[in-house]
Amino acid sequence: MQCFRALRYFSVWSQVPMGPADPILGVAAQFKADPSTTKVNLSIGAYRDNDGKPVVLESVKRAEQIIKEKKLDNEYLPVEGLQSFIDASIKLGYGDAYYAQNGKSIAGCQVLSGTGAVRLGFEFSKKFLPQGTKVYMPNPTWPNHHNIARMAGLEISEYRYFDPKTRGVDFSGLVEDLNKAQNGSVILFHACAHNPTGCDLTTAQWTQLLDLTKKKNFLPFFDMAYQGFTSGDVNKDAEAVRLFTAQGVPIVLGQSFAKNMGLYGQRTGCLSFVCSNQQEKDKVVSQLKLLARPLWSSPPLHGARVADIILNTPELNQLWLQEVKMMANRIQLMRVGLANTLKSLGSPHDWSHISKQIGMFAFTGVGPDHVKELIAKYHIYLLSSGRISIAGLNEGNVKYVAEAFHDVTKNTKL
Amino acid sequence: MHCFKVLRFVSLWSKVPLGSLHPSSGIVAQFDADSYSQKVNLGVNTYRDNQGNPVLLESVQKAMQIVREKNLDNEYPPIEGLQPFIQAAIKLGYGEKYYEKNGKYIAGCQVLSGTGAIRLGFELLNKFVTPGTQVFVPNPTKSLHPTIAKIAGLQSKEYRYFNPITRQVDFSGLFEDLQIAPNGSIVLFHACSHNPTGCDLDIDQWRQLLDLTKQKGILPFFDMTYQGFTSGDMDQDAQAIRMFTEAGVPIMLGQSFDKNMGLSGQRTGCLSIVCSNEREKEMVVSQLNLIARSLWSCPPVHGARIAETILNNQKIYQLWLDEVKHMAQRIKTMRQGFTKALKDLGSPHDWSHLSKQFGMYSLTGIGQLQIKELMEKYHIYLLDNGGISIAGLNDTNIKYVAMAFHEVTKNTRL
């Protein structure tokens, strides 16, 4: 008799505990299961149009059409990825002027979106920075930053970032904490559209951090997942990157095209290191390849081709820039809409932080109890941290959401 | 004045040494730079048709058309990937019969091809097996196997596999080495088309290993990169997996669709783990997700959509099976043709091992000096270990390559 049941003598996995559910995806799953017709998903970090639908950008469609017509094969990319994509990505991130002068000293590698950039970047840092070098992360940050640092073997420290009282950046706390940090530390900065707070630094604040960076020999690691998506202007959103590099600070930059090109599931990103010269860059690239190979051998082709075609085809690049601006504008409109509607409903609270914050996410200030009520009573799904994805708002639901927020908070503190 | 030059006070990367990926990675560049008209690349890592070109399978093209017409978005898949793809891949790997009875106990996760399967699998193992558990890999094997084991925190050891004198499997040596391995060890097996030797185990040998596995509580981890590509028959190529699982052994399986679907650059693979029951499977999936989240967050959708379409569409699936058969047949024809050509030239050596071996690669047995001569005099590029990729042979170049091999070996030992 054929015995199909796995032999119990050998139960390697019998002691495996249930891993904690991803907080964000868990909420999304709840939303999906909810049969309510008025349900609103404010949990997930993906853009939605005014009808609440995911968007495939016209520039992306056209790029895909070009790929189809060219009948391109599916052969392996080199370990470092598609070079023309890497170059275009670096140019977009660092700016034309800097790229023209220094492009050949920037070590670049195509990676699996923002996650891949941080993972590869952290693994490289662990391998080549002095032992004991810590990475400082803003409090709060994207939870996966912590996971990745831990898996890469990097020690984490936090710097104050969000002030829950002002619902803005606690800049003096931030500077204090970075002043106390060890010289030579890696400092993770969100280049723009801070996730989850939506609170970004001003030019003046970035300038102060630049001085501190130079003073303390920090290695700035910019995580830029929302270039263009934040203000609508790709250059403005990269101003911190431009500011630091213009002053000769060697940075690390992780770029993702998940949001600004809507290429989420295609996992398209770029990691780059500013080096002193071309020889150093060649060595850094060679080492990045050594680390990338046991991660994924070579990065996925499709998304990089799409991004490459868009960035390198002038009409498509122009079209894309307009589409990104459109997405950023709609987000901004919804921010203002929510804040204004709450005001007009007579809310006792100041919701202006929602329109002052920027990017996909807003830290509304509602607490876990509010969130529970919003989910249970109004079928509005957000994270227990009070983070909402503005992209989930549209002209059809913003009033409903405002009313719900008003209802659950009118008699409580924020 | 803008100061663009990177400040030399911070030269973090100045001590980074040049890394070298793989001895033969330089060979590709040399081949590309060679202008000789009759140059031959026997180091190709993907299938080539009889014209020496990479192939975009018709089944893949048809599937791509179907995917295109669905007008899908590029949203994030779940962390574990696209479920329809995972299920279809598992069904293909384990066989319909086993899948019907036990599919619900198999924890599956979409990964970045074979590399991703090994990386995720080894990281999971490192987290949950008894500390000190070793991974046994064949000697020789893909260089990535020990590299990934190390980076995942696992200690790897070799078991004898290839006998360079007989140019066949050293089965008694293999058996001896696994017999003295500690009970509960992890053993990596190439399911079929052993890379780099092309020497596979026969069914009797697998049976003996199955007994040993049960006796010693070995955890078999099958790396199956060439299902279908080896004999031309999916079930035949997976016979070891079928045998072990039918006997109730809980295996781990890494599947890649790089070669058999020509989806190399799209990075399409699946990792699966046989569990005792559904609850255990859920726990294992949750743990796989935790690790995957810090590696790549979620896998790329493009290749998985194509693969799933092929596997689940009756007509396209049949077409694909025929195409894979055709590729396997061409490889076989080249193996036989090459052996015959060398025999006809009056070679003093026995080259029959080449036609007895399977799959893409063969270790020819020629030495470094001959490799050099082949390259410099005949513009024929081999892998550094004397291995060749049979896919690089075709009707146009086979006589030339045989002649060259004969010339460089007729007066030497093999």
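Analyst: Start with A:E123 and B:R119, whose side chains meet in a salt bridge at 3.1 Å, N to O. Keep in mind that this is a predicted model.

User: Why is the contact of A:E123 and B:R119 called a salt bridge?

Analyst: The cut-off is 4 Å between a side-chain nitrogen of Lys or Arg and a carboxyl oxygen of Asp or Glu. The N to O distance between A:E123 and B:R119 is 3.1 Å, so the pair meets the definition.

User: What makes the pair of A:E123 and B:R119 one that joins two chains?

Analyst: A:E123 lies in helix α5 (residues 113-128) of chain A, and B:R119 in helix α5 (residues 113-128) of chain B, so the pair joins two chains.

User: Are A:E123 and B:R119 buried or exposed?

Analyst: Buried means under 20% relative accessible area. A:E123 has 8%, so A:E123 is buried. B:R119 has 1%, so B:R119 counts as buried too.

User: How do you know how B:E58 and B:K62 are placed along their helix?

Analyst: B:E58 and B:K62 are four residues apart in helix α2 (residues 58-69) of chain B, so about one helical turn separates them. Their side chains meet in a salt bridge at 2.8 Å, N to O.

User: Why are B:E58 and B:K62 called partly exposed?

Analyst: Partly exposed is the range between the buried limit, under 20%, and the exposed limit, over 50%. B:E58 has 39% relative accessibility and B:K62 has 40%, so both fall in that range.

User: What about B:E407 and B:K410, which meet in a salt bridge?

Analyst: The N to O distance is 2.9 Å. B:E407 has a relative accessible area of 31% and B:K410 has 32%. Each is therefore partly exposed.

User: What makes domain 1 and domain 2 of chain B count as touching?

Analyst: Contact requires heavy atoms within 4.5 Å. By that test, 17 residues of domain 1 of chain B are in contact with 16 residues of domain 2 of chain B.

Methods: Residues are numbered from 1 along each chain as its sequence is written. Chains are lettered from A and ligands numbered from 1 in the order in which they are written. This is a predicted model: local features need pLDDT of at least 70, side-chain atom pairs count only at pLDDT 80 or more; totals for chains, interfaces and linings use all residues. Side-chain values use heavy atoms; hydrogens and water are left out. Buried means under 20% relative accessible area, exposed over 50%, partly exposed in between (1.4 Å probe, protein chains only).
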